[in-house]
Amino acid sequence: MTTSLGAPRAVPTEAAERAAEAAAGLLVHTVAIDDVGDLLARLPGPDPARTFSWVRRGEGVVGWGEALRISTAGPGRIRAADAAWTAAVGRLRVHDEVGLPGTGAVAFGSFAFSPASAAGGVLVLPEVVVGRREGRSWLTTVRRADAGPAARAGSEPPALPTPQPVTAPGQVTYRDGALSAEAWQAAVAEVVGRIRAGEVAKVVMARDVVARAAAPLDVRHLLGRLAADYPACWTFAVDHLVGATPELLVRREKGLAACRVLAGTIRRTGDDADDLRRAAELARSSKDLEEHELAVASLVKALRPYCASINVPDAPFVLHLPNVMHLASDVTGVVDGALGHPSTFPTHGAGGTGPSSLALAAALHPTAAVGGTPTREATAILAEAERMDRARYAGPVGWIGADGDGEWGIALRSGELSASDSHEVRLFAGCGVVAASDPAAELAESEAKLQPMRGALAGR
Ligand SMILES: C=C(O[C@@H]1C=C(C(=O)O)C=C[C@H]1O)C(=O)O
């Protein structure tokens with residue numbers, strides 16, 4: 001009998017086998033290009049099924065087209081996608097002349113909040129990715145090996161397509177989603193009752209509204225507005241889901257994991273002096289501080305098994321966004337490459353660098369900030385009380401590279417563009433409900449959290 005010193009591979013799933021088959025014969029080529037400027041302005045067309053984005057402060061990656069798609073479902077949807085991506089990466093031929101996070105093979109992904117959701121999960125390797133970071137820009141193209149001779153290193157990069165003009169949504173009307181504002185407040189009141197009865201400490205209650213635009217929605221219009229209005233957020237588009245989230249579930253880069261936990265919110269008034277006073281109030285509010293501490297503690301507990309060391313700030317800072325302010329904590333950890341968790345998912349990269357960014361996302365989702373405390377009981381209550389499927393809202397959204405590094409946000413301040421009606425988008429927002437919560441105040445908070453998408457839908 002031989003003993004393997006390497007990490008045992010996870011049993012290949014059907015999704016992994018299919019992904020490996022589809023990846024065989026694909027060539028991925030990254031070249032440096034002149035500064036691309038506004039990444040979002042490079043997106044060629046309006047189609048939300050073929051447009052991808054992960055951009056913050058003008059840096060990140062955008063992509064279009066579809067060279068490879070991994071679809072998963074159920075409780076193992078995130079881990080199965082991770083395993084399938086590893087299998088695909090093993091078969092891709094990658095020629096990367098730049099070597100930065102986001103170069104080489106990059107897949108964009110989004111996953112349903114609930115394991116029971118029909119929305120499942122998806123990872124897409126686009127045909128073209130354009131990226132920008134620290135003054136460097138690059139272009140990645142994916143093509144079939146049998147589609148003619150490859151571009152040689154050092155030859156002129158292929159020209160980017162001229163984008164079609166971006167169209168504005170025109171007049172937008174709104175209607176109730178699963179629950180009217182009144183019915184949602186009643187549902188919140190009911191949940192407050194269950195919290196006061198001691199069932200759980202906190203439940204994050206979300207609601208949806210449906211927007212209908214006069215013109216077919218151009219995902220680039222929404223992305224452009226979100227990025228301009230919310231530069232501190234990650235502006236994303238993956239498989240019909242679009243938004244600008246302030247919350248980073250996890251980034252893994254060169255062995256370091258980083259998470260931005262948000263919990264505790266106050267609306268902005270638009271009056272600077274008043275907002276400063278409110279920010280100070282938030283930083284002292286024992287209800288919000290306690291809620292925040294719970295969220296940080298549960299994240300740290302979930303992250304700890306994957307890290308050799310973890311750094312937790314002593315106190316949160318106040319993150320100022322144009323619509324709301326949040327208590328925020330940036331938690332970092334050194335990913336334990338030696339330990340990994342090979343029994344539950346494969347390790348990435350030749351050297352085995354421990355759990356990938358997506359494996360970490362799988363371990364951390366759902367956080368207390370979007371589910372509640374304790375997670376299992378709270379998510380069962382919200383599934384019942386919200387009377388809707390959250391679909392990809394509040395699930396992990398982001399990208400992963402060939403080495404497993406990547407960034408996964410929590411899909412907040414977002415909407416799901418209808419696949420069957422190009423004029424419609426379903427917007428979502430939620431709030432942490434605790435024993436002291438007032439339904440009317442929670443409704444107002446949810447309205448403030450809908451503002452980024454409402455603003456992005458506004459004509460102009
Ligand atoms: C659920 C949302 O936001 C979450 C809930 C927060 C809170 O209750 O204070 C703060 C930030 C997010 O973690 C949302 O934006 O839809």
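Helices (H or I, at least four residues) and strands (E, at least two) are taken here as DSSP runs, numbered from the N terminus. The model is a predicted one, with local features needing pLDDT of at least 70, side-chain atom pairs counting only at pLDDT 80 or more, and totals for chains, interfaces and linings using all residues. Residues are numbered from 1 along each chain as its sequence is written, and side-chain values use heavy atoms, with hydrogens and water left out.

Pockets come first. On a 1 Å grid over the protein atoms alone, a pocket is an open set of points with protein on both sides within 12 Å along at least five of seven lines, a cavity is a set of points where a 1.4 Å probe fits but cannot get out, and lining residues have an atom within 4 Å of a point. Grid points are joined across faces, edges and corners, and the volume is the space filled by probe spheres set on the points. The largest pocket comes out at about 400 Å³. It is lined by 20 residues, with Arg77, Phe113, Ser114, Pro115 and Thr379 the closest to its centre. Helix H2 (77-89) and helix H8 (375-385) each put at least two residues into this lining, and H8 gives the most, with 6 residues. For residue classes, Ala, Val, Leu, Ile, Met, Phe, Trp, Tyr, Cys and Pro count as nonpolar, Asp, Glu, Lys and Arg as charged, and the others, Gly among them, as polar. On that basis the lining of the largest pocket splits into 10 nonpolar, 4 polar and 6 charged residues.

The second largest pocket holds about 330 Å³ of space. Of its 20 lining residues, Glu59, Gly60, Arg133, Arg251 and Glu407 lie nearest the centre. Two or more residues each come from strand E2 (51-56), strand E3 (59-64), E8, E14 and strand E21 (406-410). By class, this lining has 6 nonpolar, 3 polar and 11 charged residues. Strand E8 (residues 128-133) is also where Arg132 sits. Setting aside neighbours within four places in sequence, Arg132 is in contact (heavy atoms within 4.5 Å) with Asp35, Val36, Gly37, Leu39, Gly58, Glu59, Gly60, Ser137 and Trp138. Arg132 and Lys287 are 155 residues apart along the chain, and their C-alpha atoms are separated by 40 Å.

The largest cavity has a volume of about 260 Å³. Its lining runs to 24 residues, and Thr265, Ala369, Gly430, Gly432 and Lys449 are the closest to its centre. At least two lining residues each come from strand E11 (202-213), strand E15 (256-267), helix H6 (286-303), strand E23 (424-433) and helix H9 (439-457); the top contributor is E23, which gives 5 residues. The lining of the largest cavity is made up of 10 nonpolar, 5 polar and 9 charged residues.

The second largest cavity contains about 50 Å³ of space. Its lining includes Glu247, Leu248, Cys259, Arg260, Ala295, Leu299 and Ala369. Strand E14 (248-253), E15 and H6 each supply at least two of the lining residues, and E15 gives the most, with 3.

On to helix packing. Two packed helices are described by the angle between their axes and the distance between the axes. Axes are lines fitted to C-alpha atoms, for helices over the stretch in contact, and angles run from 0 to 180 degrees between N-to-C directions. H6 and helix H7 (residues 357-364) pack at about 130°, with axes 9 Å apart. Angles under 35 degrees count as roughly parallel, over 145 as roughly antiparallel, 65 to 115 as roughly perpendicular and the rest as oblique, so H6 and H7 are oblique to each other. Leu299, Ala302 and Leu303 of H6 meet Leu360, Ala363 and Leu364 of H7, a contact with 6 nonpolar, no polar and no charged residues.

The axes of helix H1 (residues 14-23) and H2 come within 7 Å and cross at roughly 30°, which makes H1 roughly parallel to H2. Their contact is made by Ala15, Ala16, Ala19, Ala20 and Ala23 of H1 and Ala83, Ala84, Ala87 and Ala88 of H2. By class, that gives 9 nonpolar, no polar and no charged residues.
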